[in-house]
Amino acid sequence: SQPQQWLFRITGSPENLVMAGPLVPFEITLSGGEINYTPGKERSTGVGVEFLDGSFVASHQAKGIIAEEYASVQIDGSMGQATIDWLSTILPLPPHLQMKPPVDVSGFNMSWNDAGSYDLKGRLRTAGGIDVYADFSATPQDWHFRQVEFDDGSSKATVSVRKHPNGFEIGFSGNVEKITADRLLENNQFVSGRLEGDFHTVIHTRRPIQSSFSGKLTGEGCHFLHIFSEPIDLRRFSIEGNDSRLTIAPSEVSLCSSSLVVDGTLDSSGGGLIYDLTIDADRLDEELIRVLQPVDADGATVTKNPESVSAPAPRGTVHVQATEFTYGGFNWSQVRADVGIDGSRTDVHIHQANLCGISTTGELAFSPVGLGFHITPAATDASFEDTFSCLYDRQVKSDARYDLTGEINLPTTLKDPVQAMSGQVAVSY
């Protein structure tokens, strides 16, 4: 006589029951098992679930019909490429880090709510035979791989990654071999050699000076695709850190067809970043200088965050050696220089630089008030034919040889350097 007080309890076993809801963009087919419904709560055990190319046996409970507010699912089964593609809309994995399908799932727990939060925990087995334990959560503001573990006899590692509004926090312990990466990933573009270490790092994107690295990481044949606008290959590397101090052992890097050996230290213990680095390169050019700027996910050059502008400016010295240096259409060989950076001022001391047979040593200074330099060109018994052909990319026949001495000065200025330069050059044949 009072329908508003009636309570309905429904229990049944579905047979090819097709469901759709606001949380997933596809239909879900249910078969077998048992489903229980009472007002405000939904529960199931041992139900066969099929969607896209995934097939599972699942148990779940939810608040609200078809998980309008909250749901948790325990599943065992298998998923193919289409299901993995859908999961990639939840998990922050780029395509080259997706697991090789089909992926078997066992003891997997997943929960989500209408606020956009997810939790996943369980074991996976890839088509390559790699067993992985994963514990992951995500909210609209951040995501967190609390733990990822795998061990296949060749590699054994534990990884954690957290993204938050201020940057990233990464932990790693163990080793990863190429054979494991090939079996684990659908398209392994990350490791062609090996990776080994035990470290924890905090990366602050808004205030990089607060970043830290503790532990050690070594490897060879590692490839990073999205740090710069061009891929960077670490042929071999070793870094070791203690909170605010990072030491780079001689490490071979390939970027933009240039091979570099980099080593040195970075220290932020005093509240500002101080570095002392050595770079030995086969060639340096304008393209490499342009590429050495971080890019975002869309490939655009990252601009400084306003909150990071107030951080103390880095200062230190970079000792540069290059077999070849190309800039502004000119080609120098056998370059050796020290580049000192202190805030907005950069001083370059050129100890050796051969421009088409002419030594061009000296000093350059860059600052907000302009460019200034003092260069002392010199040549002894140099070939006029070789120098002319090199400078102007034109052939000329000449047996003449020459000596050259001089100096060229540019007072610090923001004006056209050509109009402000002074000096003298003496040439004798």
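**Figure 1. Contacts across the predicted model.** Of the contacts in the protein between residues at least 6 apart in sequence, 39% link residues at least 24 apart. The model is predicted. Five helices and 26 strands make up its list of elements. The protein has 429 residues, and 37% of them are buried. Its accessible surface is about 23800 Å². Carbon and sulfur atoms account for 54% of that surface.

**Figure 2. Thr326 in strand S20.** Strand S20 covers residues 315-327, and Thr326 is part of it. The relative accessible area of Thr326 is 18%. Buried means under 20%, so Thr326 counts as buried.

**Figure 3. Partners of Thr326.** Neighbours within four places in sequence are left aside here. Thr326 then has contacts with Leu284, Asp285, Glu286 and Asn331. With Asn331 there is a polar contact, side chain to side chain, at 2.8 Å.

**Figure 4. Ser238 in strand S16.** Ser238 belongs to strand S16, which spans residues 232-242. Ser238 has a relative accessible area of 17%. This value is under the 20% cut-off, so Ser238 is buried.

**Figure 5. Partners of Ser238.** Again, neighbours within four places in sequence are left aside. Ser238 is in contact with Lys216, Leu217 and Thr218, among others. Its contacts also include Thr247, Ile248, Ala249 and Ser251.

Conventions
Residues are numbered from 1 along each chain as its sequence is written. This is a predicted model: local features need pLDDT of at least 70, side-chain atom pairs count only at pLDDT 80 or more; totals for chains, interfaces and linings use all residues. Side-chain values use heavy atoms; hydrogens and water are left out. Helices (H or I, at least four residues) and strands (E, at least two) are DSSP runs, numbered from the N terminus. Buried means under 20% relative accessible area, exposed over 50%, partly exposed in between (1.4 Å probe, protein chains only). Contact means heavy atoms within 4.5 Å. A polar contact is a pair of N or O atoms within 3.5 Å; within protein, one must be able to donate a hydrogen and the other to accept it, and residues adjacent in sequence count only if both atoms are side-chain atoms. Accessible areas come from the Shrake-Rupley method with a 1.4 Å probe; for residues, only the protein chains shown count as cover.
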